[in-house]
Amino acid sequence: MASTDTQYRLPTDVKATHYDVTVKTDLKAQTFEGLAKIYLDVVKDTSQVVFNSSELELGKAEITSNGSSFEQTDLAADKEKERIALKLASNLKAGSTAVLKVPFKGSLTSSMMGYYKSRWENEGKEDFYALTQFEATAARRAFPCWDEPALKATFAITMISREETVSLSNMPSISEAPLQPGTYDNDIASIVDALPKDEKWKITKFDTTPKMSTYIVAFANGPFEHIERHITLPLSGKQIPLRIYGTKDLIHQTEFALEVKAKVIPLYEKVFDVAFPLPKLDTLVAHDFDAGAMENWGLITGRKQAYCLDPNSLDLSMKMWIAAVQSHECAHMWFGNITTMAWWSTLWLNECAYSGIMGEVIIPDKIFPEWKVNSAFINVHLSKGLGLDGKLSSHPVEVEVKDANEVNQIFDALSYSKGGSVLRMLANYVTEEKFLAGVSLYLKANLYGNTETKDLWDGISKATNIDIAELMDNWISKTGFPVLTVTESSDSITVRQDRFLDTGKLEDKDNQTIWNVPLAIASTGEDGQTTVDRSAVLRKREQTFKVDTTKPYKLNSGTSGVYRVLYSPERLQALGTEAAKSKSVFTLDDRMGLVQDAMALALAGYAKFSAALTLVDLFKHEKEYLVWASIASGLAEIPSIWWEYPEILDQFNAFRRSLYVPLVEKLGFEYEKDEHPDVTMLRTLAISNAARAGDESVNAHLKSNFDHFAKTGDDSKIVNDLLAVTFLQAVKLGGKDEYDVVFNVLANPKTPTAASAAMKAIGSAQDEKLMEQTYDYIFHKSRDQDVLYLFVGLEANNKFRRKSVEMFEANYDHMYKRFEGNFSLSRLIEYIYRSVTTEEDTQKMVAFFKDKDKSKFSMTYEQTLDEHKAARGSIERSTDDVKSWFANWSSKL
């Protein structure tokens, strides 16, 4: 679905084929300048050349063709569309070539877009370095270019910098020398001549890249150190270096990230059967970074929380996160970089088809099978994708994108999580082996090209002999997903599909899509063995399938389907009873799916909330961490929705303690280095939930460890996996002394884990003066990249939820300007408003934004309003049911 709206796309009269880009970085002055020398093929006769540029001061452009200079009559800037039109006195002729030279200057801002500065503390003094972040449309902020993913070209980067710094780019450097006559071209003489004469500068030239999109071009300059390994590639037998760069305060924490990279790159090459095309792969860890990480070809970049792990501390959750991020970005070296979406409408091809399903499931499972990442996908991605797609204001995975204002908004749970879940469902249906074979065929057919969804379907169709486009189109091109309602006879089930909405209210006009639904029906035979029918597909509104309903059965075996299943209350209880058995016929993934479906259907009003709570209570002897994680996620909706109902919260916390305290008593507080990851993660989950539920003994233990740290500065008693809940409870239950200790950690964090824990904790204070300090820090002193963590902390503070909205609105103009071009803006709107959901809250939100420009967060705005409606619906439908269930439960104690 490539956009054809020329209003938002560059003219195709000329095509850039190669860029020579020279950039001089002045870290002291916090500026950069350079020259873009761009080689063009002239496709049509034209008297103007139109390209992208934003926030740059451009010098006089020159254009030559066939040895002749073309006189420039005008240089017109369209600030809104971020374009420059270079108008010429005569036509460039179709079939000819031309060279465009454009000098440019810019400032190294802290915007985390384009070529920007990042701040760090160097031996007690503030210092800076510079790096790029171009996705989606910010290459134009660093140099003039044709900044669209389909307009691929080759790039040769040259960097001028102070001698003591390190310069990096996508390719290896082919030369580096002190800057002196003879080391540079005359084209950049004006840049060199302006350099301070009393300082030593150098020029670094990098090799030419393969054909690639502008958004994955990258360069950086600063006082970087690095660690390194070499790997042998399995297809070519070549040895290439893998490095991680960072400042000296971070580099010692990146060994694990390098280890993961060294393991996954050979695996990707082998699985895809396509050689890794670059002679090196670097990663740069940054103190300031908008997204988690970025797949620049040959020079991955990312925030320190995505790459840094304290080598002297247990921190399993951080270890798993780093592995997922590193593997995800490495998958992009093939998918997204070699083969690239034709336009942002098919962003999902980059983020789900490859880096999601490959980078976070298939490949990590080969390296860390003990982590059960395929099952974890259900909690991490399937649940998240269905959560957003259940809203009336959702959008298709493949969504039309016209305006650049829309691009950042679609980096969401639909492009990532739902898209990845759809492909996981497809892989489960056709088998992983055939799925991977199809993906490899797709890649080989489109090397260095641009693709649309049809190209992927064609590749998998060839590998499976199935019409994949017919099977899967509605999952990608239509909004929403189905809820399957199951009715039974003794020897069959009738399955009906309707669109699921989290408000539970469905009008006929919103229920027009019929999906092809792989049912994966698990049934039990006479011998007690379970078989799964993967051939059953629901292709109509309603169909009947042969199943012996006198024995245990379940749809969506393995929870690979992108849908919810609604059983009768009796069948759900029977399923829960069977699933809770120690030797159940239902798998780990099945139990996770049962819990998630039950909670989602209850919240939306398809089933009673009491039925979901009964199912959870049946699982109180569950042993698997991932099932408990599903339970915790589902139960967290109760305090999120009924946060102004103290009677329900008191009963809920008592119920939560009954679930988690026995786990704490069983597992204890001590973490063993070689224990199974399930044990580690379950202990952390149990302690965290018991503490938040108000268990006195658990909170006393956490407080004791915190007090020791506060008095001595020794944090050895606080395991990294428990830092977040320890800091949170200390601030929430304590006063100024505890707050000051945590705030000091934020000011001087030992590790990124400690920094993140402190950021989330300072928003939990219950004292107004302490919260004023938190607000002042957030709105005026925090790093831009940290604001999301801080907003997560604010959202969890029931006492100050509405005060947080007031403070955000009072600082809105400042925050909008601060984040208007970043991925963060939409998420800030979501986090601050989604939990204040009364009709009055909604009306106030609508009134506040009535006259505001919402173009950069319009999707999130509508989704948040839908979230308000869903929460109010849950309260209206289920409050009495929830109260009654808790009262009945507590009476049995």
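**Figure 1. Helices H18 and H19 cross in this predicted model.** Here we zoom in on the place where H18 and H19 pack, at an angle of about 105 degrees and with their axes 8 Å apart. Angles from 65 to 115 degrees count as roughly perpendicular, and the two helices are therefore roughly perpendicular to each other. On the H18 side, the contact is made by Ile687, Ala690 and Ala691. H19 brings Val698, Asn699 and Leu702 to the contact. Sorted by class, the contact of H18 with H19 has five nonpolar residues, one polar residue and no charged ones.

**Figure 2. Helix H20 is largely enclosed by the rest of the structure.** H20 covers residues 723-733, and eight of its 11 residues are buried, so the rest of the structure largely encloses this helix. What does H20 pack against with its buried residues? The partners are four helices: H18 (677-692), H19 (696-712), H21 (736-747) and H22 (752-761). If you want to pick out the buried residues of H20 on screen, look for Leu723, Val725, Thr726 and Phe727, then carry on to Leu728, Gln729, Ala730 and Val731.

**Figure 3. Ser610 sits in helix H14.** H14 takes in residues 609-618, and Ser610 is found in it. Is Ser610 buried or exposed? Its relative accessible area is 15%, and the cut-off for buried is under 20%, so Ser610 counts as buried. Setting aside neighbours within four places in sequence, Ser610 is in contact with Asp881 and Trp885.

**Figure 4. Strand E21 is mostly covered.** E21 is made of residues 299-303, and five of its five residues are buried. Leu299, Thr301 and Arg303 point one way from the strand, while Ile300 and Gly302 point the other way. Both sets are buried, Arg303 included.

**Figure 5. E21 pairs with E19 and with E20.** Strand E19 (residues 281-286) is joined to E21 by five bridges, and these strands run parallel. To find this pairing, look at Asp282, whose bridge partner in E21 is Leu299. Strand E20 (residues 293-294) is joined to E21 by two bridges, and here the strands run antiparallel. In that pairing, Ala293 has Gly302 of E21 as its bridge partner. The hairpin of E20 and E21 has four residues between the strands, and in this hairpin Gly298 takes a positive phi near 85 degrees.

**Figure 6. Strands E7 and E8 make a hairpin.** E7 (residues 72-78) and E8 (residues 83-92) pair in the antiparallel sense, over six bridges. One handy landmark is Leu75, with Leu86 as its bridge partner in E8. Four residues lie between the strands of this hairpin, and Glu82 takes a positive phi near 55 degrees in it.

**Figure 7. Four strands form an open sheet with mixed pairing.** Read across the sheet, the order is E30-E25-E24-E32. The edge strands are E30 (542-546) and E32 (564-566), and each pairs on one side only. Neighbouring strands of this sheet are turned by 30 degrees against each other on average, direction ignored. Elsewhere in this view, E24 (residues 482-488) and E25 (residues 492-499) pair in the antiparallel sense over seven bridges. Within that pairing, Val486 stands opposite Val495 in E25.

**Figure 8. Three strands form an open antiparallel sheet.** This time the order is E28-E27-E31. E28 (530-533) and E31 (553-554) stand at the edges with a single partner strand each, so one side of each has no neighbour in the sheet. Strand E27 (residues 521-524) is joined to E31 by two bridges, and the two run antiparallel. Look for Ser523, which stands opposite Tyr553 in E31.

**Figure 9. Zooming back out to the whole chain of 893 residues.** The chain holds 29 helices and 32 strands. Its C-alpha atoms fill a box of roughly 90 × 70 × 60 Å, taken along the principal axes. Across the chain, 60% of the residues count as buried. Of the contacts with a separation of 6 or more, 74% come from residues 24 or more positions apart.

Technical notes
Residues are numbered from 1 along each chain as its sequence is written. This is a predicted model: local features need pLDDT of at least 70, side-chain atom pairs count only at pLDDT 80 or more; totals for chains, interfaces and linings use all residues. Side-chain values use heavy atoms; hydrogens and water are left out. Buried means under 20% relative accessible area, exposed over 50%, partly exposed in between (1.4 Å probe, protein chains only). Two strands pair if DSSP finds at least two bridges between them. Contact means heavy atoms within 4.5 Å. Axes are lines fitted to C-alpha atoms, for helices over the stretch in contact, and angles run from 0 to 180 degrees between N-to-C directions. Angles under 35 degrees count as roughly parallel, over 145 as roughly antiparallel, 65 to 115 as roughly perpendicular and the rest as oblique. Ala, Val, Leu, Ile, Met, Phe, Trp, Tyr, Cys and Pro count as nonpolar, Asp, Glu, Lys and Arg as charged, and the others, Gly among them, as polar.
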